[in-house]
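Student: I would like to learn how to read strand pairing. Please take me through it on an example.

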Amino acid sequence: MRSNRVVVAVSLVVGVFLQVGVARAASYSAVWHMDDTGTTMADSTGHGLSGTLTNVTVGAPGALGTAFQFRTRPASVKVASSPLLNPGSGAFTVTARVRFTVRPSTAVGDYDLVRKGLAATKGGDWKVEILPTGYAFCLFRGSAGTVSIKHGPNLADNRWHTIACRRSGSTVRLTVDGSSWTASGSTGTIANTSAVLLGAKGSGGEDQYAGLMDEVSVSTG
């Protein structure tokens, strides 16, 4: 039943927050369950931060409910820019569940899972990626500098994995399936007018992800 699935989903995300040291009072900016059947990705928070699907297959078996499958290039989901999706100078966490079997090729470079802005974007940017090693990668760039972190294991094993990237103060924390690693440095304020993209770097399919994605969320606090 949908009500039971929602309870499980909330419990899962809260569990991830506790693993990365996020306070129980964390506020959700967006939660995308990816159980959609059309061309729109619904935001369950009520903030109206829905996304538009391009060449994404819906209804694939998910970590919870169903998932989105990215296999046609270009394939992506675009969410219009919102201040709620900008970290500003506060604590900010992006979480996604992924399942894939093939690591990014040399031609692709890396898989872009979730990002807002590019390296040259005014106001900074943030992103969650998969590297050619199969490792997860987090990056936050703001007015005071850039902090990134990457770590194994290789996630290309056709199993569901939960990735959480968190910036809080001068610390960036990467959590994969409950194990965490940190990097230190000041990023300052991050706020841009770029859309959030899931599954690719741009509309042309650059850094195209190839796999399943489910239960993506953005939170502050």
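Student: Which residue stands opposite phenylalanine 92 in β16?
Tutor: Strands of a sheet pair through backbone hydrogen bonds, either parallel or antiparallel. Here, in a predicted model, where local features need pLDDT of at least 70, side-chain atom pairs count only at pLDDT 80 or more and totals for chains, interfaces and linings use all residues, phenylalanine 92 faces threonine 220 in β16. Residues are numbered from 1 along each chain as its sequence is written, and side-chain values use heavy atoms, with hydrogens and water left out.

Student: What counts as a strand, and what counts as a pair?
Tutor: Strands (E, at least two residues) are DSSP runs, numbered from the N terminus. Two of them pair if DSSP finds at least two bridges between them. Strand β7 (residues 92–99) and β16 have 7 bridges and are antiparallel.

Student: Which other strands pair with β16?
Tutor: Strand β1 (residues 27–32) runs antiparallel to β16, with 5 bridges; tryptophan 32 has valine 216 as its bridge partner there.

Student: Is β16 mostly covered or uncovered?
Tutor: Buried means under 20% relative accessible area, exposed over 50%, partly exposed in between (1.4 Å probe, protein chains only). In β16 (residues 211–220), 9 of 10 residues are buried, so the strand is mostly covered.

Student: What is the strand order in the open sheet?
Tutor: Its 8 strands follow the order β2-β3-β6-β15-β8-β9-β10-β11, with antiparallel pairing. Because β2 (40–41) and β11 (145–151) at the edges each have a single partner strand, one side of each lacks a neighbour in the sheet.

How values were computed: Helices (H or I, at least four residues) and strands (E, at least two) are DSSP runs, numbered from the N terminus.
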